[in-house]
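Okay, thanks for coming, everyone.

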Amino acid sequence: MTTPKKGDNPTPEQQAVINGIAKWIDTEAIAMSIAEELVDLGYEVTEDNLRKVWLGVLDNLSDTLRIIVHARL
């Protein structure tokens, strides 16, 4: 069995796990956390501000995931 590489299509089994986690992730909780942080820091809660913060999170997601995988698995 070969080790999958980044960018490979997931196997059907992997896709089933991905689909399950995608349903489990609470997007409303993420949006609420971002909004609360904006309020705590004195920024206006707007769609544009929430999008900018979320896109910033996504920009750093790869590095964050790498750190967590190494630390917890």
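So here's my opening question: what do the buried residues of helix 2 pack against? Before I answer, please keep in mind that this is a predicted model.

The buried residues here are Ile34, Ala35 and Leu38. They cover an arc of only 100 degrees around the axis, so they sit on the same side of helix 2. And there's the answer to my question: the buried residues of helix 2 pack against helix 3. Now look at the face turned away from that buried side, and you'll find Val39 and Asp40, which are exposed.

Okay, over to helix 3, residues 47-72. How many salt bridges does a search of the whole structure find? It finds 3. Let's go through them.

Number one is Glu47 with Arg51, whose side chains meet at 2.5 Å, N to O. Both lie in helix 3, 4 residues apart, which is about one turn of the helix. Glu47 counts as exposed, because its relative accessibility is 56%, and the cut-off for exposed is over 50%.

Next up, Asp48 and Lys52, with their side chains meeting at 3.2 Å, N to O. Is Lys52 buried or exposed? Exposed, with a relative accessible area of 53%. Asp48 is partly exposed, at 43%.

Then there's Arg66 with Asp63, where the closest N and O atoms are 3.1 Å apart. These two are 3 residues apart in helix 3, so that's about one helical turn as well. Both are partly exposed: Arg66 has a relative accessible area of 43%, and Asp63 has 45%.

Why does that spacing work for pairing? An α-helix has 3.6 residues a turn, so residues three or four places apart point the same way. And side chains of opposite charge can pair when their charged atoms come close.

One last stop: the surface. There's a nonpolar patch there, formed by Val53, Trp54, Leu55, Val57, Leu58, Leu61 and Leu65. Together they have about 550 Å² of accessible area.

Methods. Residues numbered from 1 in each chain as written. Predicted model: local features only at pLDDT ≥ 70, side-chain atom pairs only at ≥ 80, totals over all residues. Heavy atoms only, no water. Patch = residues over 30% accessible without salt bridge, like charges linked within 9 Å, V, L, I, M, F, W, Y side chains within 5 Å. Areas by Shrake-Rupley, 256 points an atom, 1.4 Å probe, with all protein chains shown as cover. Salt bridge = Lys/Arg side-chain N within 4 Å of Asp/Glu carboxyl O. Buried < 20%, exposed > 50% of the residue type's maximum accessible area, 1.4 Å probe, protein only. Arc of directions from axis to C-beta. Contact = heavy atoms within 4.5 Å.
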